[in-house]
Amino acid sequence: MRRSAFDKLISWTGLALAALLVVAGGLATWASSFIGDQVESQLVSQKIVMPEGEALKSLSDKDREALEPFAGSKLDSGDEAKAFADNYILAHMNASSGNRTYEEVSGEFMALSDEEKASEAGQQVAALRQSLFMGNTLRGMLLNAYAFGTMGTIAGLAAIASFVGAALLAVLALLGLRHASTKEAELATI
């Protein structure tokens, strides 16, 4: 196989791969945009406002620092959802339960006799159990929003990488085609 024919084959293959990367970049851009829009619309519909002022003072330094950048804003992004779930809801759940999980409190409640469940102490355990269940449910939904938001970010980065790769392959392929035509011209003059 002549060198110029090989250069052309490799160059056209590079152009085909560049086109494929452009399509992949377009799809990844669409996925990033779709996921971002869905996460935002689902979170905005919940009308959660990030805590600020007095609501932050009772939290640990770590939790307060995680929430302060979002203080007072509408919860509308995956990062805000994670901060709210892990540094506000979980902090309150741990404070109210003495760092016990829903499973532990539920187990305590289930171990009570019917008479103990009906007592004031039993009702307090039942209320704590219900509160932890609701907190875990909300945390789970918010952390799913965070996970999908992260996937959207990754799709956006994949789109950028695809477009950069496509541009690089296109430049190299065009240089290869130019080199092939230069070699053909040199061989024709010999």
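Predicted model: local features only at pLDDT ≥ 70, side-chain atom pairs only at ≥ 80, totals over all residues.

User: Why is R139 called buried?

Analyst: R139 has a relative accessible area of 15%. Buried means under 20%. The value of R139 falls under that cut-off, so R139 is called buried.

User: Where does R139 lie, and which residues is R139 in contact with?

Analyst: R139 is in helix α7. Neighbours within four places in sequence are left aside here. R139 is then in contact with A85, D86, I89, L90 and M93.

User: What makes D86 and R139 a salt bridge?

Analyst: Their side chains meet at 2.5 Å, N to O. A salt bridge needs a side-chain nitrogen of Lys or Arg within 4 Å of a carboxyl oxygen of Asp or Glu. The 2.5 Å of D86 and R139 is within 4 Å, so the pair counts. This pair links distant parts of the chain. D86 sits in helix α4, R139 in helix α7, and they are 53 residues apart.

User: Which residues are linked with D86 and R139 in a network?

Analyst: K82 is linked with them. K82, D86 and R139 form a network of salt bridges.

User: How many salt bridges does the whole structure hold?

Analyst: A search finds five. One of them joins R64 and D61, at 2.2 Å, N to O. Both of these residues lie in helix α3, residues 61-67. They are three residues apart, about one turn of the helix.

User: What makes E108 and R100 a salt bridge, and why are both called partly exposed?

Analyst: The side chains of E108 and R100 meet at 2.6 Å, N to O. That is within the 4 Å cut-off, so the pair is a salt bridge. Partly exposed lies between buried, under 20%, and exposed, over 50%. E108 has 33% relative accessibility, so E108 counts as partly exposed. R100 has 29%, so R100 is partly exposed too.

User: How do you know that L128 is buried?

Analyst: L128 has a relative accessible area of 13%. The cut-off for buried is under 20%, so L128 is buried. L128 is found in helix α7.

User: What is the phi of N99, and is N99 buried or exposed?

Analyst: N99 has a positive phi of about 65 degrees, although N99 is not a glycine. N99 is in the loop between α4 and α5, with α5 at 102-111. Its relative accessible area is 58%. That is over 50%, so N99 is exposed.

User: Which residues have the most contacts inside the largest nonpolar core?

Analyst: They are L43, L59, L67, L75, A81, F84 and L142. The core has 22 residues. The elements that give two or more residues to this core are α1, α4 and α7. The largest share, eight residues, comes from α4. For L67, leave aside neighbours within four places in sequence. L67 is then in contact with M50, P51, L56, L59, A83, F84, N87 and Y88.

User: Why is L172 called partly exposed?

Analyst: L172 has a relative accessible area of 49%. Exposed needs over 50% and buried under 20%, so L172 is partly exposed. L172 lies in helix α7, residues 120-189. L168, V171, L172 and L175 form a nonpolar patch on the surface. Together they have about 380 Å² of accessible area.

User: What does the UniProt annotation say about residues 146-175?

Analyst: The unreviewed UniProt entry annotates residues 146-175 as "transmembrane region". In the model, this span is 100% helix and 0% strand. Its end C-alpha atoms lie 44 Å apart.

Notes: Residues numbered from 1 in each chain as written. Heavy atoms only, no water. UniProt positions renumbered as here; feature names shortened; annotations may be inferred. Helix = DSSP H or I, 4+ residues; strand = E, 2+ residues; numbered from the N terminus. Patch = residues over 30% accessible without salt bridge, like charges linked within 9 Å, V, L, I, M, F, W, Y side chains within 5 Å. Areas by Shrake-Rupley, 256 points an atom, 1.4 Å probe, with all protein chains shown as cover. Buried < 20%, exposed > 50% of the residue type's maximum accessible area, 1.4 Å probe, protein only. Core = buried A, V, L, I, M, F, W, Y, C linked by side-chain atoms within 4.5 Å. Contact = heavy atoms within 4.5 Å.
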